[in-house]
Amino acid sequence: GETIGILGGGQLGRMLAMAAAQLGYRCHIFAPEQDAIAAEVSAAYTCAPWDDVEAMARFAADCAVITYEFENVPVTPLLALGEVALHPHPRALETAQDRLNEKQFIVGLGGTPAPFAPVDTPADLENAIGTIGTPGILKTRREGYDGKGQWRIMSAADVDALDLPPQPLIYEGFVNFQAEFSVILCRAMGGDVRFYDSARNVHEGGILARSTVPAGDPIAAQVSTARELAAAVAEALDYVGVLTLEFFATEAGPVFNEMAPRVHNSGHWTIEGAITSQFENHVRAICGLPLGDPGLAAATVEMRNLIGEKADEWAKILADPANHLHLYGKGAASPGRKMGHVTRLTLA
Ligand code: ATP
Ligand code: MG
Ligand code: MG
């Protein structure tokens, strides 16, 4: 079959490669880390730094189409991809890589993020706290994930104890949310857009712990407004593939948190819980195929992340035949490390 190139070597790339194999494609992983877990299930692997343009060009020469599973892939080396199609378009990366750009882009489309201000100096932070108030969260503009690079600020006095990292930051007002949810859509090359049911997402320590569908109240009433924004984002970026937007459900309606131009942890439930998984639909979209049905395949679906859990837990999980266990092949567990996930369906 034809070869799909995947930039990034983590579990999202691994699950994409598994879905691609089902459709008869081979995958070639490009990742800077040794022993990328996505490469274990792929036909080819280029292990090289992002800025190795020769390796990037050789990788591109092997691929019919290229996608990414990691939103922090630097954009400049992608110029070495030459003529090979890259989906989603790198402008989605540029938008999502910087929390300030991302929020400005969302405001431009009529969406509502938490109040925010860029912070480059201690004086900026003082002004931001003066305008936005406390509590709030100071975040690095780039490269944060799983709640890393974030500092909660409960009162202006907290700032004295902070050692500001020497990189661009953003201060956000703390959103007093009722619940969190995500909108996951897939957009085909011709512009056809399909939405997955929104999951209720519960985070623990800044890391996604569980996603459940149906999301229930108060999320259900806020999904259509959130979908409108997600569709506008996809349209504005001429997006091809799976796109995720995270939201806070609040008394005033959905508040945008952040977007990910890729398949998403809060969509892992779709592997067993939807007619067509987010991974398969992403592959279909970037290969120019018609999309599959994103509809629910069960009455309820619950996905739980296995965070920092050790191998002695697996047998217990498998002892319940209703559990679908997914392990990412990461080796040693450590605190905060996503080792796998478990999905459970109820049929009626
Ligand atoms: P991800 O792994 O989802 O990319 P991230 O490191 O980019 O995570 P965020 O999504 O910005 O982090 O924040 C992680 C979690 O922290 C959110 O899902 C939410 O629970 C909480 N959080 C972040 N920003 C705010 C906010 N402004 N108000 C309230 N809670 C927040
Ligand atoms: Mg994020
Ligand atoms: Mg997030």
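**Exercise 1. Describe the shell around ligand 1 by residue class and by domain.**

Solution. Start with the classes. The shell around ligand 1 holds five nonpolar, five polar and six charged residues. Here Ala, Val, Leu, Ile, Met, Phe, Trp, Tyr, Cys and Pro count as nonpolar, Asp, Glu, Lys and Arg as charged, and the others, Gly among them, as polar.

Next, the members. The shell numbers 16 residues, and the closest are Ala-114, Tyr-145, Glu-172, Val-175 and His-203. A residue is near the ligand if its C-beta atom, placed from the backbone, lies within 6 Å of it.

Last, the domains. Domain 2 (115-173) and domain 3 (179-346) each give at least three residues to this shell. The domain bounds come from an automatic or database domain assignment.

**Exercise 2. State what kind of model this is and how confident the predictor is.**

Solution. The model is predicted: local features need pLDDT of at least 70, side-chain atom pairs count only at pLDDT 80 or more, and totals for chains, interfaces and linings use all residues. Residues are numbered from 1 along each chain as its sequence is written, while chains are lettered from A and ligands numbered from 1 in the order in which they are written.

Now the scores. The mean pLDDT of the protein is 96, and 100% of the residues score at least 70. pLDDT is the predictor's confidence in each residue, from 0 to 100. For the complex, the ipTM is 0.98 and the pTM is 0.97.

**Exercise 3. Characterise the contact between domain 1 and domain 3.**

Solution. The assignment gives domain 1 (3-86), domain 2 (115-173) and domain 3 (179-346). The centres of domain 1 and domain 3, taken over C-alpha atoms, are 22 Å apart.

Count the residues. Domain 1 puts 18 residues into the contact and domain 3 puts in 16. Two residues are in contact if their C-beta atoms, placed from the backbone, lie within 7 Å.

Assign the elements on the domain 1 side. Helix H1 (11-22) and strand S4 (65-68) supply at least two residues each. H1 has the largest share, with eight residues. Helices (H or I, at least four residues) and strands (E, at least two) are DSSP runs, numbered from the N terminus.

Classify that side. It divides into 11 nonpolar, three polar and four charged residues.

**Exercise 4. Locate the non-glycine residue Asp-35 and give its phi.**

Solution. Asp-35 is not a glycine, yet its phi is positive, about 55°. Asp-35 lies in the loop between strand S2 (26-31) and strand S3 (44-47).

**Exercise 5. Summarise the overall fold dimensions.**

Solution. Count the elements: nine helices and 18 strands. The radius of gyration, taken over C-alpha atoms, is 20 Å, close to the 20 Å of the globule rule (2.2 Å times the number of residues to the power 0.38) for 348 residues, so the protein is as compact as a globular protein of that length. Along the principal axes, the C-alpha trace spans about 60 × 55 × 45 Å.
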